[in-house]
Amino acid sequence: MRILLIGASGTIGKRLINEFSRRHKIITAGRTSGDVQVDITSEESIKQMFENLEAVDSCICVAASGAMDNFQTLTQSTLLENMQGKFFGQTSLVLIGQHYLNPHGNFVLTTGIFADQPAKGVTGGGVISGALHSFVLSAAIELKNGLRINAVSPGMTQDSFERYGELFPNLKPVPMKDLVAAYVEYTEKPVTGQIARIY
Ligand SMILES: NC(=O)c1ccc[n+]([C@@H]2O[C@H](COP(=O)([O-])OP(=O)(O)OC[C@H]3O[C@@H](n4cnc5c(N)ncnc54)[C@H](OP(=O)(O)O)[C@@H]3O)[C@@H](O)[C@H]2O)c1
């Protein structure tokens, strides 16, 4: 399988490369890192990437996080700005990528625990992940040519514990192997419209 891995240089991406490169050809992508450069906040950049790429069977996105926010000063424009990367970036990848992926290919998006479990300072992050879950359900019945789509929703990963542990003391770290297994299942098994909640 030819797998496009967007966000390959990140915390989760690095683990996915290790696993998938044993069995598949991986094309890594990021704004400044990887084999190909793409900024998923830009539809033009996404289109250019797919135009220049030999067709892929799978597109996995582990790029762009929601920003922290303050509910008392949150506005429509801050929320919208927050949605540009992780929400609109991933929906654009699918809306544009559906015309480029090989038949029977698949998308795996990344969401997060705050869709289901609120925490202070991540209203935008929760909304983004919840909206992506709804997007996956719709896309799964709309996509043509046998294309599949699923999302992995991680809790705080073991590898990010040092970075986020103090901010979210109520979250227990999730083993990286459980997270990687969810991406593998959605890429290699014929499932669609699923959300793997790895909490
Ligand atoms: N780590 C966790 O514990 C955790 C928990 C729950 C959910 N998640 C979600 O999992 C995803 C990945 O998290 P992570 O911690 O692995 O991220 P990370 O370590 O910050 O890495 C992000 C990766 O995405 C790329 N990237 C960032 N913005 C991009 C853009 N606009 N266009 C293209 N590439 C972009 C970065 O490369 P460049 O700098 O080269 O662009 C980098 O490779 C995020 O959606 C995050 O919210 C993570």
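Two ground rules before we start. The model is predicted, so local features need pLDDT of at least 70 and side-chain atom pairs count only at pLDDT 80 or more, while totals for chains, interfaces and linings use all residues. Residues are numbered from 1 along each chain as its sequence is written, and side-chain values use heavy atoms, with hydrogens and water left out.

Let's begin with the ligand.

Who is around the ligand? There are 26 residues around it, and S9, R31, S33, K86 and S160 come nearest. Near, for a residue, means that one of its heavy atoms lies within 4 Å of the molecule. The shell divides into nine nonpolar, 13 polar and four charged residues. Nonpolar covers Ala, Val, Leu, Ile, Met, Phe, Trp, Tyr, Cys and Pro; charged covers Asp, Glu, Lys and Arg; the others, Gly among them, are polar.

Now the contacts. A polar contact is a pair of N or O atoms within 3.5 Å; within protein, one must be able to donate a hydrogen and the other to accept it, and residues adjacent in sequence count only if both atoms are side-chain atoms. R31 uses its backbone: a polar atom there is 2.8 Å from a ligand oxygen. T32 uses its side chain, with a polar atom 3.0 Å from an oxygen of the ligand. K86 also brings its side chain, where an N or O atom is 2.8 Å from a ligand oxygen.

Next, T110. This residue lies in strand β5. Helices (H or I, at least four residues) and strands (E, at least two) are DSSP runs, numbered from the N terminus. Is T110 buried or exposed? T110 counts as buried, because its relative accessibility is 9%. Buried means under 20% relative accessible area, exposed means over 50%, and partly exposed is in between, with a 1.4 Å probe and protein chains only. The T110 side chain has two partners to show you. One is the backbone oxygen of C61, 2.6 Å from a polar atom of that side chain. Another is the side chain of Y183, in a polar contact of 2.7 Å.

On to the backbone. Most residues other than glycine have a negative phi. Here are two with a positive value. H104 has phi near 65°. H104 lies in the loop between α3 (76–97) and β5 (106–110), and it is exposed because its relative accessible area is 62%. N145 has phi near 60°. N145 is in the loop between α4 (123–142) and β6 (148–154), and at 54% relative accessibility it counts as exposed.

Last, some distances between C-alpha atoms. I46 is in helix α2, residues 43–52. I46 is buried, at 0% relative accessible area. Q90 is 44 residues from I46 along the chain, and their C-alpha atoms are separated by 10 Å. L167 is in the loop between α5 (161–164) and α6 (176–188). Why is L167 partly exposed? Because its relative accessible area is 48%. L167 and G121 are 46 residues apart along the chain, with 9.4 Å between their C-alpha atoms. R22 is in the loop between α1 (11–20) and β2 (25–30), and counts as exposed at 63% relative accessibility. R22 and E185 are 163 residues apart along the chain, and 15 Å separates their C-alpha atoms.

That's the tour. Thanks.
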